[in-house]
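Please keep the sequence and the coordinates open while reading.

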Amino acid sequence: MKITVHSSKAVRPDYGAGRAPFAAAGAVPLTVFDRASFDQYISGISFFRPPAPPTAVLEAGLARALAEYREWAGRLGADARGGRAILLDDAGARFVEATADVALTSVMPALAEPAPAAAGLHPSAPGAGGELLMVQVTRFACGSIAVGHTMSHVVADGRAACNFLLAWGQATRGVPVDPAPAHDRASLFVPRDPPRFEFEHRGVEFGPPRPRPHGGEARDAGDAVVVHRAHFSRELVSELRSRASARAPRPYGTALCLVAHLWRCITRARGLDGGAVTALRVAVDGRARMTGPPRGVPEGYTGNAVLWARPAAAARELVDGPLWHAAELVARAVARVDDAYFRSFVDFACSGAAEREGLVPTADAAEKVLSPDVEVDSLLHAAFCDLDFGGGRPFFFMPGYLPDEGSVFLVRSFSGDGGVSAYVPLFSRAMESFKRCCYSLGSVDARL
């Protein structure tokens, strides 16, 4: 598959005649959640069957959506106090037009597995001072299109990024933007007076600077990272939920059960020493958790509102124990990240203690090898499947090709069976072992 780029341009917000921007030009300081997030770009690709709208229509829709989400047309810089901020300068988002020389059906099975060639369907992350949003529209010989996005994680978490993409589709179709964007980053996360540090945040969200990425030691040629798309049918998901919830007062959700199952299988596949401690990192959305005063976080909030639950266990305990034990560890850790925990984090992060002690966020984008740890990001509640530019919803969505070992993404399956797909990057030497236990119900309640 050969991808040819025909144009690459900056698209600026289109406010329409007589309409002013929602905020004056200036600098919007990053919140404590933005600063604690991964300083990297996140990517994804949506695939659409024909008919597809003309490129000019997609570009005009993007300009109208940027008028609703002005942050994405800005740049990262500094505010008057020298802190990191989003500059509302309307410099524009990058819009790339490309073509592929094949029919999408001829390459789709391989792309979806996924293949490294998928990286050519979304823009690469820019250098410092570059765009915060880049999109690429690739037209295939059959009339199908792939719409790839690359977006700054500092500006928004997965749900907020998805909301913008949905707004792009809505603006292209000429319908109202829903949910309405909530841009107020200043008043949502105000610390309490006096502040209350009810939980320990040192060594959790903040820690001392590390001289090198965790697990960054030299690897030989046999240690290539490969990505497997593990498919869990509705029936398999149902069975995993039943077994994972065996000791729970009520059934756990799909994401939690799959996270527990993947944690066990990845730990087993890596062949860790039984006494080695493996930690799981799973995102918890504050929109559903921050319900107390001063006020909750609206669904349409445009920034980051995520912290992480971090259950941990010895590898032997995790692998030898049944699935319900792993699920219980995950459930307890997630439950602890409640409204009180979020408020405690805000108080600590705003107190200046981290700066005085020389602590930095532990979310490190330089970590390319997580072993013995695992991170699972669930996109099951992000409505990428609802993106519609006027020609219908995508028939497939996948995260961008970012093979960071141990960093897993969950997405809704587009196979029509109501299942879930998990994109699992591991060292090639561990992948076959992972596949064997991943699909085996016999291993769920037995020692792996």
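**Aromatic rings and their partners**

Phe-199 has a relative accessible area of 31%, so this residue counts as partly exposed; buried means under 20%, exposed over 50%, and partly exposed in between, with a 1.4 Å probe and protein chains only. The model is predicted: local features need pLDDT of at least 70, side-chain atom pairs count only at pLDDT 80 or more, and totals for chains, interfaces and linings use all residues. Residues are numbered from 1 along each chain as its sequence is written, and side-chain values use heavy atoms, with hydrogens and water left out.

A search of the whole structure gives 17 aromatic pairs. Rings of Phe, Tyr and Trp (its six-membered ring) pair if their centres lie within 6.5 Å; planes under 30 degrees apart are stacked, over 60 edge-to-face, and the rest tilted. Phe-197 and Phe-348 make an edge-to-face pair, at 5.5 Å centre to centre and 80° between the planes. Phe-197 sits in the loop between helix H4 (158–173) and strand E9 (206–207), and Phe-348 in helix H10 (residues 339–350), so this pair ties together parts 151 residues apart in sequence. Helices (H or I, at least four residues) and strands (E, at least two) are DSSP runs, numbered from the N terminus. Phe-197 is partly exposed at 41% relative accessibility, whereas Phe-348 is buried at 1%.

Phe-199 pairs with Tyr-341: the ring centres are 5.1 Å apart and the planes at 50°, so the pair is tilted. Phe-199 lies in the loop between H4 and E9 and Tyr-341 in helix H10, so parts 142 residues apart in sequence are tied together. Tyr-341 is buried, at 8% relative accessibility.
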